[in-house]
Amino acid sequence: MAYLRLLSIFYKNSLITELEYRLQFWANLGLSLFWLVWAALGVRVFFIHTATIAGWRYEEVLVVVGLFFALNGYRQMFIQPNLSRLSQYVQQGLLDYMLTRPVNSQFLVSLRYIGVHNWGDPLLGLGLVAYAFWLLGYAPGPVQVGQFLLLALAAVVLLYSLNLLLQTTTIWLVNIERADTLVWSLLEAGRFPVDFYRGWVRLALTVLVPVAFFTTFPAMALLGRLEWWVAAVALLVALLAFVAASAFWRFALRSYTSVSS
Amino acid sequence: MKAISQRQSLVSNLLRAYTALLRAWLGVALTYRAQAMFWLLSAVFPLVMLVVWLAVENEVGPVNGWTAADFISYYVAAAVVYRLTVSWAVWQWDEDIRMGGLSVKLLKPIDPAHSLISEHISWLIFDLVTIVPLVVLLAWLLPVMSYPIGPAMWLAAVVAIIGGSVLNMLMAFSFGMIAFWSTQSGNVFGLVSGVGQFLAGYIAPLALFPEAFRNVALLLPFRSTVGLPVEIMQGRLAWPEIWFGLAVTATWIVIFFTIYRLLWRLGLRRYEAVGA
């Protein structure tokens with residue numbers, strides 16, 4: 001409960017700062033919309049020349065593009081303003097300061113700030129998904145939506161955990177500027193269904209690095225194409241990644257010797 | 001006689017300034033380690049687009065006559081050319097004008113543009129010596145990539161790349177001047193570049209767009225920054241088409257240079273009025 005109260009204080013704080021620039025707040029929505037249309041049109045080019053790619057129609061690919069947009073918005077709102085700064089915290093000694101707080105340290109480095117800049121991205125992304133279903137002419141049933149919610153949760157947790165795993169290495173390496181571009185590039189590959197990739201690339205994107213879990217599987221759930229066992233696997237993978245990342249974080253803190261000592 | 005010697009000393013002064021500026025900026029480029037990551041970042045998108053085209057080609061056969069090898073040659077070259085012509089100068093102008101850094105730069109006896117130009121050139125040199133050998137090696141290892149043109153066309157491609165690079169920089173300069181009047185110069189340039197990425201042939205080869213779109217793109221400045229050099233390298237253009245493309249590039253260079261200088265004069269007057 002105390003943590004929820006903290007979160008509401010943190011985010012109110014971020015929001016008030018952002019609302020100082022009211023015009024910018026709305027201009028950002030316009031920019032988000034522009035890039036959403038840009039992404040949708042970028043896909044359209046392929047479908048001038050073909051009706052389906054690897055069994056996906058244009059409208060179905062739009063579902064994936066919408067989810068990519070939403071997940072990328074989540075990354076920019078929650079991961080970029082927090083975990084991506086970890087390297088900076090270590091370099092400037094701010095981490096020491098955070099560790100002295102009577103709050104779980106992982107909570108603080110993960111959720112202290114919210115990037116209100118991209119507030120429109122998740123909404124617009126889901127809007128594109130809704131539009132795609134309108135074009136397809138049917139709505140997903142409650143079972144599909146339930147499956148989707150589970151997979152979306154798994155995607156959010158998984159993306160967070162991968163970032164925490166990667167950023168935590170800064171405790172030893174100190175300077176890992178732009179390490180988050182690594183995860184970002186992975187996410188970028190999730191712009192399209194993994195079925196578009198062939199051979200060992202697809203295998204790698206499904207098994208080795210979990211790009212398929214980010215956008216393809218949640219989209220397939222909505223489209224009613226996913227087996228239940230995949231949802232179970234996704235949740236299990238997300239849970240394992242979260243536990244591993246948290247354990248790694250605690251392990252890293254034990255070998256952390258601040259800047260001053 | 002006196003006028004000539006004055007002009008000569010002006011040129012030699014500028015040359016000396018550029019040697020110093022270039023050396024300084026190259027130093028910055030060489031110590032900037034995140035550069036490798038940055039390159040990765042800008043190359044992921046074309047790579048993803050390439051992979052999708054390969055999937056399409058695999059299903060329906062050659063797309064408008066484009067085979068898998070054509071797509072690979074196109075996107076690898078496009079990723080490199082994009083990197084060589086891209087310019088971020090708009091952000092520098094925005095910061096300098098908005099935060100007042102320009103005041104300090106105006107005190108120096110040289111136009112602030114020269115520092116930005118030499119920064120642009122240093123990155124170009126840096127990329128040329130790091131990325132281009134890598135790609136040449138790649139082309140040698142992967143024989144599917146082919147750029148079957150003679151020396152004269154290679155020269156035309158190099159000229160086209162330099163032209164595209166100059167044009168992109170002047171476009172960034174022109175949009176950077178908006179900062180004298182508004183805080184949104186970066187965003188405006190972002191939107192224009194976003195549309196431009198379609199018209200440049202960065203998202204997909206222009207040959208695969210509808211014809212009406214292609215005809216518009218041929219006359220706009222964006223194609224000069226990616227599509228034109230790559231199409232020359234692929235041997236898709238005959239000499240008249242190359243000359244036409246280069247003429248379009250040159251025209252836009254003149255247009256944006258004029259816009260930039262005009263806005264610079266107007267803006268400077270306004271800037272001084274605010275500061276004083």
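Predicted model: local features only at pLDDT ≥ 70, side-chain atom pairs only at ≥ 80, totals over all residues.
1. Helices (H or I, at least four residues) and strands (E, at least two) are DSSP runs, numbered from the N terminus.

2. Residues are numbered from 1 along each chain as its sequence is written, and chains are lettered from A and ligands numbered from 1 in the order in which they are written.

3. The largest nonpolar core has 99 residues, and those with the most contacts inside it are Val63(A), Leu151(A), Ala155(A), Val52(B), Ala78(B) and Val81(B). Helix α3 (residues 58–79) of chain A gives the most to this core, with 14 residues. A nonpolar core is a set of buried Ala, Val, Leu, Ile, Met, Phe, Trp, Tyr and Cys residues joined through C-beta atoms within 7 Å; a residue is buried if 20 or more other C-beta atoms lie within 10 Å of its own, exposed if 12 or fewer, and partly exposed in between, with C-beta atoms placed from the backbone. Leaving aside its neighbours within four places in sequence, Val52(B) is in contact with Phe46(A), Ile53(A), Phe192(A) and Phe196(A). A second, separate core of 24 residues includes Leu167(B), Leu170(B), Ala172(B) and Phe175(B).

4. Phe46(A) is also one of the buried residues of α2(A), along with Leu31(A), Ser32(A), Leu36(A) and Val43(A). Helix α2 of chain A (residues 22–47) has 26 residues and should span 38 Å, at 1.5 Å a residue, and its end C-alpha atoms are 39 Å apart, which agrees; the expected span is 1.5 Å times one less than the number of residues.

5. Helix α7 (residues 120–136) of chain A has 17 residues and reaches 24 Å from its first C-alpha to its last, close to the 24 Å expected. Its buried residues, among them Leu124(A), Leu128(A) and Val129(A), pack against α2 and α3 of chain A. After α7(A) comes Gly137(A), whose phi is positive, near 85°.

6. The secondary structure of chain A comes to 14 helices and 2 strands, whereas that of chain B comes to 11 helices and 0 strands. Chain B has a radius of gyration of 20 Å, close to the 19 Å that the globule rule gives for 276 residues, so chain B is as compact as a globular protein of that length. This radius is taken over C-alpha atoms, and the globule rule is 2.2 Å times the number of residues to the power 0.38. Buried residues make up 36% of the 261 residues in chain A, and 34% of the 276 residues of chain B count as buried.

Key: Contact = placed C-beta atoms within 7 Å.
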